[in-house]
Amino acid sequence: MAGLESSVQSEPGHAAPVDPKVGPAYRLTIWGIALGILIFAGNVVLWAIAVGNNQLFKDGVDWVYDVALYGIAALVFGRDERAEKLAALGIGAVMAVAGFHTLYDLWDKILRPRPIELFTLGFSAASAILIAYLIIGVLWRFRAESNPVIKATWLSSRNDAISTTGFALLGLAARLLPVRWPEYLFDVFVAFLCFQATWAIWRATSQSQDRTKVEAKGEHSP
């Protein structure tokens, strides 16, 4: 009876229980996010190449982290328990790389201060904020899910919303003022968010593994 109840309450092939009503909705949402960002980033890169704007090109390429993250989640969600755990850890690794890249970018900005391009900065900030809040809006209903893949994408959307808003406000102000330290300080904060999300994803995956071991032990116990 317990086994029947479990099968009704959760989709198969997940690292943590997922309601059958939640699974299809999340799957469709995550595919839409991944493909939407890919199309947008591709157009930005093509536009940057056409006008010869290196900063715009860099901003377009930076979206590769989001495409990789949401693409991994879309491909493996619901495939099987092991794939989901590996995908969650992979997303955590992508976010850790993003954290180190943020620190490297900070070091590069300190050594070689970048010229102020108000149009490029304004377009990049406005588009990043719009996309970040659209993503956090469509993922909001999944924020309390314990599944490692869902948690990973939710944490990513949260980080993007915070970082893009902060960079738009602090970054623009710092580039218009004679001091740059607020922008540099915010870079450190964004790197911290990336590493914190990586830790949270690793912990969720570990808890999922512990839950699986307990369930397996319970099934084999007399």
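Q: Why is Gly 71 called buried?
A: In this predicted model, Gly 71 has a relative accessible area of 16%. Buried means under 20%, so Gly 71 counts as buried.

Q: Where does Gly 71 lie, and what is Gly 71 in contact with beyond its neighbours within four places in sequence?
A: Gly 71 lies in helix 4. Leaving those neighbours aside, Gly 71 is in contact with Ala 34 and Asp 66. Contact here rests on heavy atoms within 4.5 Å. As for Leu 38, 33 residues apart from Gly 71 along the chain, the two C-alpha atoms are separated by 9.3 Å.

Q: What makes helix 2 roughly antiparallel to helix 4?
A: The axes of helix 2 (residues 22-51) and helix 4 (residues 64-76) cross at roughly 150° and come within 8 Å. Angles over 145 degrees count as roughly antiparallel, and therefore helix 2 is roughly antiparallel to helix 4. The crossing of these two helices is left-handed.

Q: Which residues of helix 2 and helix 4 meet, and how many of them are nonpolar?
A: From helix 2 come Tyr 26, Ile 30, Trp 31, Ile 33, Ala 34, Ile 37 and Leu 38; from helix 4 come Asp 66, Val 67, Tyr 70, Gly 71, Ala 73, Ala 74 and Leu 75. By class, this contact has twelve nonpolar, one polar and one charged residues.

Q: What makes a set of residues a nonpolar core, and which residues have the most contacts inside the largest one?
A: The members must be buried residues of the nonpolar kinds listed for a core, joined through side-chain atoms within 4.5 Å. The largest such core has 36 residues, and Tyr 26, Ile 30, Tyr 70 and Leu 139 have the most contacts inside it. Helix 2, helix 4, helix 5 (81-111), helix 6 (118-139), helix 7 (148-176) and helix 8 (181-220) each supply at least two of its residues. Helix 2 gives the largest share, seven residues.

Q: What does Tyr 26 touch, not counting residues up to four places away in sequence?
A: Tyr 26 touches Ala 73, Phe 77, Leu 139, Phe 142, Val 149, Ile 150 and Thr 153.

Q: How many helices and strands are there in the chain, and how much of the chain counts as buried?
A: The chain has eight helices and zero strands. Of its 222 residues, 45% count as buried.

How values were computed. Residues numbered from 1 in each chain as written. Predicted model: local features only at pLDDT ≥ 70, side-chain atom pairs only at ≥ 80, totals over all residues. Heavy atoms only, no water. Axes fitted to C-alpha atoms, helices over the stretch in contact; angles between N-to-C directions. Parallel < 35°, antiparallel > 145°, perpendicular 65-115°, else oblique. Left-handed = near helix turned anticlockwise from the far one by under 90°. Nonpolar A, V, L, I, M, F, W, Y, C, P; charged D, E, K, R; others polar. Buried < 20%, exposed > 50% of the residue type's maximum accessible area, 1.4 Å probe, protein only.
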